[in-house]
Amino acid sequence: MNRKAAFTLVEVITGIVILGVISTCSWLAVSTLFRGEQLSRNTTVATNLLQKSQEELRKSSLTFYDSLENCQFPGPAFLGTNIACGLQALGAQFNGYTRSVVITPENSSTELKKAVITVNWTDQGNNKKMLSAVLLARPPDPLPGNIIGTVRSSAVANNLIQDASI
């Protein structure tokens, strides 16, 4: 018998099916990894924004402790800062994210306030949200001889001057 070395139609179709199954499984694995990386990145950015907001509120509470409940978050901006409360505007680093802050006295106390920070963003058409709460304590009175306060512009708006030192 004179046999030629060739594949039969069944062998070719079986090979194509096996390659198709392997390709589909590989594509699903890569897309799942990409989705997980994107979700992790978005969660990390939201966590960083929460931590940034907590630090800004701690800093603001040193000066504006008694009026924090009256602040608007987000509020009017001047040079990227909320005039009444000292929160910085969200820049390009947090593009697509929004935050809101609600401040209330903790258990009717005048010495503690609770700030609940909410960060919102959209992830593949789904609205996502992350919350954080921080307790703010009344700052201690300054020691005799120390000067504390804010530096304001002499202009009509009387706006805060950021990063000023005395």
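## Overall make-up

The chain contains 1 helix and 5 strands, where helices (H or I, at least four residues) and strands (E, at least two) are DSSP runs numbered from the N terminus. In sequence order the pattern reads α-β-β-β-β-β. This is a predicted model, in which local features need pLDDT of at least 70 and side-chain atom pairs count only at pLDDT 80 or more, while totals for chains, interfaces and linings use all residues. Residues are numbered from 1 along each chain as its sequence is written, and side-chain values use heavy atoms, with hydrogens and water left out.

## Confidence

The mean pLDDT of the chain is 82, and 84% of the residues score at least 70; pLDDT is the predictor's confidence in each residue, from 0 to 100. Among the elements of the chain, S5 has the highest mean pLDDT (93) and strand S1 (residues 77-78) the lowest (48).

## Burial and contacts

Of the 166 residues in the chain, 23% count as buried. Buried means under 20% relative accessible area, exposed over 50%, and partly exposed in between (1.4 Å probe, protein chains only). The chain exposes about 11900 Å², of which carbon and sulfur atoms supply 59%; accessible areas come from the Shrake-Rupley method with a 1.4 Å probe, and for residues only the protein chains shown count as cover.

Of the contacts between residues at least 6 apart in sequence, 49% join residues at least 24 apart. A contact means heavy atoms within 4.5 Å.

## Sheet and helix

An open sheet is formed by 3 strands in the order S3-S4-S5, with antiparallel pairing. Strand S3 (98-105) and strand S5 (126-137) are at the edges and have a single partner strand each, so one side of each is left without a neighbour in the sheet. From one strand to the next the twist averages 20°. Two strands pair if DSSP finds at least two bridges between them. Strand S4 (residues 112-123) and S5 run antiparallel and are joined by 12 bridges. The bridge partner of Val116 is Ala133 in S5.

Helix H1 (residues 9-64) lies across S3, S4 and S5 and runs at about 150° to S4. Axes are lines fitted to C-alpha atoms, for helices over the stretch in contact, and angles run from 0 to 180 degrees between N-to-C directions.

## Aromatic pair

The structure holds 1 aromatic pair. Tyr97 and Trp121 form this pair, which is tilted, with 5.6 Å centre to centre and 35° between the planes. Rings of Phe, Tyr and Trp (its six-membered ring) pair if their centres lie within 6.5 Å; planes under 30 degrees apart count as stacked, over 60 as edge-to-face and the rest as tilted.

## Two residues in detail

Thr118 lies in strand S4. Thr118 counts as buried because its relative accessibility is 12%. Leaving aside neighbours within four places in sequence, Thr118 is in contact with Thr98, Arg99, Ser100, Lys129, Met130 and Leu131.

Ile161 is in the segment after S5. With 40% relative accessibility, Ile161 counts as partly exposed. Not counting residues up to four places away in sequence, Ile161 touches Val151, Arg152 and Ser153. Ile161 and Thr150 are 11 residues apart in sequence, and their C-alpha atoms are 7.8 Å apart in space.
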